[in-house]
Amino acid sequence: MPLVRISNGARGGGGREIAGRRAEHSLNFFLRFSGTILASAAISIPCFGITAQEKAWAMFETVAKAKSPAQRAIGIRALGLLPDDPRARTLAEAALDDSRPEVRAAAATALGQMHAVESIPRLRKTLNDRRLSVVMAAAHSLHDLKDESSANSIYLDVLTGERKGDGMIASQMDTLHNPKELAMIGVEQGIGYVPFAGIGWDAWRYTHKKNPHPPRAIAATMLAHDPDPRTAKSLLKVARNDKDWIVRSAAVEAIAQRGDPALEEKIELCLFDGNVHVRFTAAAAVIRLSNLRKKDDSKDSEQKVAEK
């Protein structure tokens with residue numbers, strides 16, 4: 001981020017010059033600090049006039065090209081919260097060709113979660129992936145998309161030993177031997193990335209000495225469709241302030257699942273959360289709720305026209 005220089009003319013002389021130097025120092029410190037925050041959040045914001053939805057899309061576009069495969073996987077996986085969104089589907093389909101299996105598995109999982117029936121041909125092609133973790137993620141999504149024959153053929157091959165999966169053990173051990181990468185995968189991510197999810201989460205428990213599925217995260221998920229307004233307030237409070245990122249992420253996802261556009265602006269601050277999982281869950285939530293608000297506005301306009 002470029003530094004700011006205050007011209008001599010703008011500074012004036014004497015005490016004003018000293019004040020100008022102080023202002024310059026303070027402003028440059030702010031820009032450096034802001035740049036660090038935005039870089040860590042994988043957001044590229046060219047100006048202050050863009051909407052939260054545009055910021056969220058910028059995050060996804062940026063993380064899809066990130067050097068870190070763990071960050072690419074986390075970002076792509078969060079796209080699963082965006083059903084019926086061609087832009088999200090395009091990003092996820094492109095990630096099926098990623099060089100890293102955890103990213104390809106994340107993409108396959110996201111396509112299933114977003115109910116992308118248009119992506120069934122791509123998911124069928126992914127069943128030929130050399131990594132079993134990717135194949136199983138694609139099969140699970142195909143099963144969710146009602147292409148059960150394709151999915152069941154894979155399950156049967158795995159059950160009978162016909163599909164052993166080249167590099168399956170290597171893929172799993174790559175994750176287990178990298179605690180930092182394992183920690184970035186997240187609550188539900190492990191099923192898509194590790195052929196036997198339980199082994200991965202046993203490693204999480206051992207590394208972090210805590211339950212990777214806190215009861216409060218489960219509670220937040222189960223309250224996603226509770227119509228009580230008090231629940232929405234509680235989820236917002238948890239999403240912003242809970243000390244456990246898993247719980248914050250679960251609360252943000254629950255807010256997205258509630259489908260209340262009025263909550264969009266209230267979760268925008270989560271785009272700057274200190275945890276990458278929470279940031280991208282929030283980005284998806286902002287886009288989802290913004291899309292719902294636009295649909296509601298369109299319906300209201302059509303209704304007003306019809307009433308005239």
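Predicted model: local features only at pLDDT ≥ 70, side-chain atom pairs only at ≥ 80, totals over all residues.
## Overall make-up

The chain contains 18 helices and zero strands. Of its 308 residues, 47% are buried. Among contacts in the chain with a separation of 6 or more, 63% are between residues 24 or more positions apart.

## Aromatic pairs

The structure has two aromatic pairs. One of them joins Phe60 and Phe280 in a tilted arrangement, with 5.6 Å from centre to centre and 50° between the planes. Phe60 belongs to helix H3 (residues 52-63) and Phe280 to helix H18 (residues 276-307), so this pair ties together parts of the chain that are 220 residues apart in sequence. A pair of aromatic rings is described by the distance of the centres and by the angle of the planes.

Phe60 counts as buried because its relative accessibility is 1%, which falls under the 20% cut-off. Phe280 is likewise buried, as its relative accessible area is 0%. Ring pairs also bring in a further residue: Trp57, Phe60 and Phe280 are linked into a cluster.

## Cavities

Two cavities of 30 Å³ or more are present in the structure.

Sorted by class, the lining of the second largest cavity comprises four charged residues, two nonpolar residues and one polar residue.

## The setting of Ser153

Ser153 is located in helix H9, which covers residues 148-160. Is this residue buried, partly exposed or exposed? Ser153 counts as partly exposed because its relative accessibility is 36%, a value that lies between the cut-offs of 20% for buried and 50% for exposed.

A polar atom of the Ser153 side chain lies 2.7 Å from the backbone oxygen of Ser150. This distance is within the 3.5 Å limit for a polar contact. Ala139 stands 14 residues from Ser153 along the chain, and the C-alpha atoms of these two residues are 8.9 Å apart.

Key:
Residues numbered from 1 in each chain as written. Heavy atoms only, no water. Helix = DSSP H or I, 4+ residues; strand = E, 2+ residues; numbered from the N terminus. Buried < 20%, exposed > 50% of the residue type's maximum accessible area, 1.4 Å probe, protein only. Polar contact = N/O pair within 3.5 Å; in protein donor to acceptor, adjacent residues only side chain to side chain. Phe/Tyr/Trp six-rings, centres within 6.5 Å; stacked < 30°, edge-to-face > 60°. 1 Å grid on protein atoms, 1.4 Å probe; cavity = no way out; pocket = protein on both sides within 12 Å on 5 of 7 lines; lining within 4 Å. Points joined across faces, edges and corners; volume = space filled by probe spheres on them. Nonpolar A, V, L, I, M, F, W, Y, C, P; charged D, E, K, R; others polar. Contact = heavy atoms within 4.5 Å.
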